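The following exercises concern a single protein chain.

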Amino acid sequence: VQNRSLLYENAEPELVAEGVYESVLVDVRRFTNAFGERVGLVFAIEGGPHHGIELMESAALKGSSRGKLAELLRGIGGEDGSLLAAHELVGRRCHIAVRHEATKTGKAYAAVTQTFK
């Protein structure tokens, strides 16, 4: 799974190119990091040269209705930004917009910036 928290070994991986991809939500992962309780939405790209690559985007678990988690879930067809709603959407097909961003240490990663049908 490519995401900002993944520690790569010596070599930098080739990032998924920026763009829009057909995908499916394959997993919802709850975890805690320096920012508190988080939820990771894992999307698998379908078709094209990046077929099968999984990208994870995380968001605060307890967010507002205008927060990142709620926004990503609404793009897939969810009604709210709850963890239950996220789990109910596993298996749902959608499109994801991918953009390259960098961590505070300068490591590049492919971020899922938007979801839509």
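**Exercise 1: the surroundings of valine 98**

Task: Determine which residues valine 98 touches, not counting residues up to four places away in sequence.

Solution. Step 1: with contact taken as heavy atoms within 4.5 Å, valine 98 touches Val16, Ala17, Glu18, Gly19, Tyr21, Leu55, Ala110 and Ala111. The model is predicted, so local features need pLDDT of at least 70 and side-chain atom pairs count only at pLDDT 80 or more, whereas totals for chains, interfaces and linings use all residues. Residues are numbered from 1 along each chain as its sequence is written, and side-chain values use heavy atoms, with hydrogens and water left out.

Step 1: valine 98 lies in strand β4, a strand being a DSSP run of E with at least two residues, numbered from the N terminus.

Step 2: valine 98 counts as buried because its relative accessibility is 5%; buried means under 20% relative accessible area (1.4 Å probe, protein chains only).

Step 3: the C-alpha atoms of valine 98 and alanine 111 are 5.5 Å apart, although 13 residues separate them along the chain.

**Exercise 2: the partners of β4**

Task: State in which sense β4 and β5 pair, and over how many bridges.

Solution. Step 1: two strands pair if DSSP finds at least two bridges between them; β4 and β5 pair in the antiparallel sense over 8 bridges.

Step 1: arginine 99 has alanine 111 in β5 as its bridge partner.

Step 2: β4 and β5 form a hairpin with 5 residues between them, and glycine 106 in the turn has a positive phi of about 95°.

Step 3: β1 also pairs with β4, in the antiparallel sense over 6 bridges.

How values were computed. Helices (H or I, at least four residues) and strands (E, at least two) are DSSP runs, numbered from the N terminus. Buried means under 20% relative accessible area, exposed over 50%, partly exposed in between (1.4 Å probe, protein chains only).
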